[in-house]
Amino acid sequence: MKIQERPGAGAGRSAVPAQPSVGDRLPTPPRERKPALAALAVLLILMGALGATMLVLQVGERIEVVKVTQAIPAGGSVNTSNSTPVMVAKDDSIHYIEWTQLDQLKKQKLKAVNAIPAGVVAVGEMFGDEAGVAAGKATVGLSLKAGQYPTGIKQGDTVAAYRVSSASGSGNSNSNSSSSASNSSVIVDNARVTYVPGPKDSGDEIVSSTNLAVTLTVDSDKAADLAQAASNGEVALVQVPGNSGN
């Protein structure tokens, strides 16, 4: 026997929506793009790269300057025999003397204001038109022939100056001996070589091809005797303990 459904029997049931299939999913809304933030990020990256590049360039900018290799006394000059070129980082706040300015210093006859020790890098404040000669000291210029100075004499050396003129005139042997002794006396027993031309130097300081121009710093009370003997060509120098190379 068939059972007939009553009309409207399923009318009260709630309808369950059918789930869409995988291929029928609803599209998600697109993400909101922010072009301003992207541009800012690119700009920051570029600025960082530019800053790093500038820093590397500044650190890498180096110049060739003068380094003192032998002590320079007050009143002395810097030249190729007592200095060497070195590379340093450029710094506008430091008045380095560049190696290309070495000849200019010599032409301007700039001297060390105070003693400059070996191993330091030279700066402009170390040199001036007037040398700082210490109180009680004086500088005397000599023009010496070969044999009147030790080979290899250099700026900063300590020397003794002797009177070396030969005795002249006639008389008894006692007077000749006395004259010879006085003519071979020590004028200065401790003098500092303030200037001597380097092997590559040339100019007014060199009197001739056979003479060597040497400037000594001595005690003031010895300066007159030394200058007088030097003018007569009666001076010979001898190195003594206390040289810059010792």
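Mentor: K90 is partly exposed, with a relative accessible area of 43%. This is a predicted model, where local features need pLDDT of at least 70, side-chain atom pairs count only at pLDDT 80 or more, and totals for chains, interfaces and linings use all residues. Residues are numbered from 1 along each chain as its sequence is written, and side-chain values use heavy atoms, with hydrogens and water left out.

Trainee: Why is K90 called partly exposed?

Mentor: Buried means under 20% relative accessible area, exposed means over 50%, and partly exposed is in between (1.4 Å probe, protein chains only). K90 has 43%, so partly exposed is the label.

Trainee: What makes K90 and E61 a salt bridge?

Mentor: The rule asks for a side-chain nitrogen of Lys or Arg within 4 Å of a carboxyl oxygen of Asp or Glu. For K90 and E61 the closest N and O atoms are 3.8 Å apart, so the pair counts. K90 sits in the loop between β2 and α2 and E61 in the loop between α1 and β1, so the pair ties together parts 29 residues apart in sequence.

Trainee: How do you know that D157 is buried?

Mentor: D157 has a relative accessible area of 0%, so it falls under the cut-off for buried. The side chain of D157 meets K154 in a salt bridge, 3.3 Å from N to O, and K154 is partly exposed at 26%.

Terms used: Helix = DSSP H or I, 4+ residues; strand = E, 2+ residues; numbered from the N terminus.
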